[in-house]
Amino acid sequence: MVALTGLLVVQVYWFVNAYNLQEKQFDEKVNLALRNLTDQLLRIDGDSTSRIAPVIHEAENSYHVDFSNYIHYPSFDSLLRTTFVSYQLLAPFEVTIYEDKSALITFGNFYKQGVMSAAEATCLTRVPPTRTTMDFTITFPDRKANIIGAMGIWVFSALTFLLILILFGFMII
């Protein structure tokens with residue numbers, strides 16, 4: 001029985017390590033994708049020399065970019081989708097664009113099917129704001145579920161191993 005408990009502890013340890021590694025890789029992909037997106041937006045504005053501010057990991061599932069330039073939403077949307085596809089970030093996400101100075105929400109959208117979503121941003125048909133500086137935040141509401149889903153074989157092997165341990169445990173008793 002002690003051996004089975006030891007095997008269970010080892011399995012849990014490896015599963016937690018695999019989850020942490022997958023989480024770190026997800027964060028790095030989001031960070032690189034948002035830096036790439038920011039670079040493309042700056043280049044559209046004719047700026048190829050400004051320093052790109054670090055992506056701020058505001059919360060477990062939220063990433064903020066202090067862009068401090070004007071954002072033309074249709075261009076932003078197109079570049080965002082292309083960039084996320086290239087980095088294989090296909091999970092559902094939310095975009096919020098803020099006016100830099102007032103922190104008021106200017107545009108936003110929930111991409112329910114990730115980059116394949118067809119919906120347009122809220123407030124897009126209204127009078128656009130004056131050319132003021134803006135920042136943006138990307139949030140992945142189902143981040144944990146997406147990370148676990150990406151762990152496919154780890155989840156399957158952990159559940160299979162747990163089932164085998166339970167069966168052996170009952171056979172010993």
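Serine 117 touches Arg81, Tyr111 and Lys112, leaving aside residues up to four places away in sequence. This comes from a predicted model. The serine is found in the loop between β4 and β5. Is serine 117 buried or exposed? Its relative accessible area is 5%. Buried means under 20%, so serine 117 counts as buried. A polar atom of its side chain lies 2.7 Å from the backbone nitrogen of glutamine 113.

Now the sheet. Five strands form an open sheet with antiparallel pairing, in the order β1-β2-β5-β3-β4. At the edges are β1 and β4, each pairing on one side only. From one strand to the next, the twist averages 20 degrees.

The elements with stated residue ranges are these:

| Element | Residues |
|---|---|
| Strand β1 | 56-59 |
| Helix α2 | 73-86 |
| Strand β3 | 93-99 |
| Strand β4 | 105-111 |
| Strand β5 | 134-139 |

How many bridges join β3 to β4? There are 6, and the two strands run antiparallel. Across this pairing, glutamate 94 stands opposite phenylalanine 110 in β4.

Helix α2 lies across β3, β4 and β5. Its direction is at about 145 degrees to β3.

Back to the loop. Serine 117 sits between β4 and β5 in the chain, and helix α2 lies across both of those strands. Among the residues that serine 117 touches is Arg81, and helix α2 covers residues 73-86. Tyr111 is another of its contacts, and strand β4 spans 105-111.

Definitions and conventions
Residues are numbered from 1 along each chain as its sequence is written. This is a predicted model: local features need pLDDT of at least 70, side-chain atom pairs count only at pLDDT 80 or more; totals for chains, interfaces and linings use all residues. Side-chain values use heavy atoms; hydrogens and water are left out. Two strands pair if DSSP finds at least two bridges between them. Helices (H or I, at least four residues) and strands (E, at least two) are DSSP runs, numbered from the N terminus. Axes are lines fitted to C-alpha atoms, for helices over the stretch in contact, and angles run from 0 to 180 degrees between N-to-C directions. Contact means heavy atoms within 4.5 Å. Buried means under 20% relative accessible area, exposed over 50%, partly exposed in between (1.4 Å probe, protein chains only). A polar contact is a pair of N or O atoms within 3.5 Å; within protein, one must be able to donate a hydrogen and the other to accept it, and residues adjacent in sequence count only if both atoms are side-chain atoms.
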